[in-house]
Amino acid sequence: MEQSHLFAIGVLLAWLAGVRVYLTVFGVGLAGMLGWLQLPDALQATQSAWVLGTAGSLAVAEFFADKIPGVDSIWDLLHTVLRVPVGAFLAAAAMSPDGELGAGMLATGAGVALTSHVIKAGSRALLNTSPEPVSNWTASVTEDAAVVGGLALAFTHPWLALALVVAISLLFAFSVWWLWRRLFRRAPRPQAA
């Protein structure tokens, strides 16, 4: 695979880790274990039975925790310290032909994972202001589907997947910003005569 494709895949894995870290690690490891793709040396650890079992179990726990308003925000807050370094590792490992992790890709992966995590956590915090659980469930299931679909698309059409991720990220960031301003806009102050 060309370096440019590996770069796109690395960025995509970091973005997906910022949304669903355990599902991303599990999906990468499963794809490698089943022979659907040849993983670089640094990513082959994800094929381990221990990593697959742990990531799979935690993905199931996250699936349920993420459906409960309030619990999902606490889960996101606690996982900020995990999603960013895992995203950095996945991005750098995808670009590593010899197992050495480059500082530039570690930084890129960390930034991408942090960006997708902040967009996800911000949108979920706003959704938790609504009293009904339907929007929370819909957002959670959409995130699950986006990560599974994103993984499949990342390995088959990485540039298309990267373009979609950038477009979706910009759309979500703008939507969260717009909604935040609408919900928490201050009333204009009366001017003194």
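Which residues lie nearest the centre of the largest pocket? They are W15, T142, A146, I168 and F172, out of 29 residues that line the largest pocket. The model is predicted: local features need pLDDT of at least 70, side-chain atom pairs count only at pLDDT 80 or more, and totals for chains, interfaces and linings use all residues. Residues are numbered from 1 along each chain as its sequence is written, and side-chain values use heavy atoms, with hydrogens and water left out.

**Largest pocket**
- The volume of the largest pocket is about 620 Å³; a pocket is an open set of points on a 1 Å grid over the protein atoms alone where a 1.4 Å probe fits, with protein on both sides within 12 Å along at least five of seven lines, and lining residues have an atom within 4 Å of a point. The volume is the space filled by probe spheres set on the points, which are joined across faces, edges and corners.
- At least two lining residues come from each of helix 1, helix 5, helix 6 and helix 7 (helices are DSSP runs of H or I, at least four residues, numbered from the N terminus).
- Helix 7 gives the largest share of this lining, ten residues.

**Nonpolar core**
- The largest nonpolar core has 38 residues, among which L13, L43 and L90 touch the most other members; such a core is a set of buried Ala, Val, Leu, Ile, Met, Phe, Trp, Tyr and Cys residues joined through side-chain atoms within 4.5 Å.
- Helix 1 contributes the largest share of this core, ten residues.
- Beyond neighbours within four places in sequence, L43 is in contact (heavy atoms within 4.5 Å) with L13, V28, F89, L90, A93 and A94.

**M105**
- M105 belongs to helix 5 and counts as buried because its relative accessibility is 10% (buried is under 20% relative accessible area, exposed over 50%, partly exposed in between, with a 1.4 Å probe and protein chains only).
- Not counting residues up to four places away in sequence, M105 touches F7, G10, A88, A91, A92 and M95.
- The C-alpha atoms of M105 and P85, which are 20 residues apart along the chain, are separated by 12 Å.

**Aromatic contacts**
- One aromatic pair is counted, with ring centres of Phe, Tyr or Trp (its six-membered ring) within 6.5 Å and planes under 30 degrees apart counted as stacked, over 60 as edge-to-face and the rest as tilted.
- F63 and F64 form this edge-to-face pair, at 5.1 Å centre to centre and 90° between the planes.
- F63 is partly exposed at 35% relative accessibility, whereas F64 is exposed at 53%.
- The charged end of K67 sits over the ring of F63, 3.6 Å from its centre (NZ of Lys or CZ of Arg within 6 Å of the ring centre and within 35 degrees of the ring normal).
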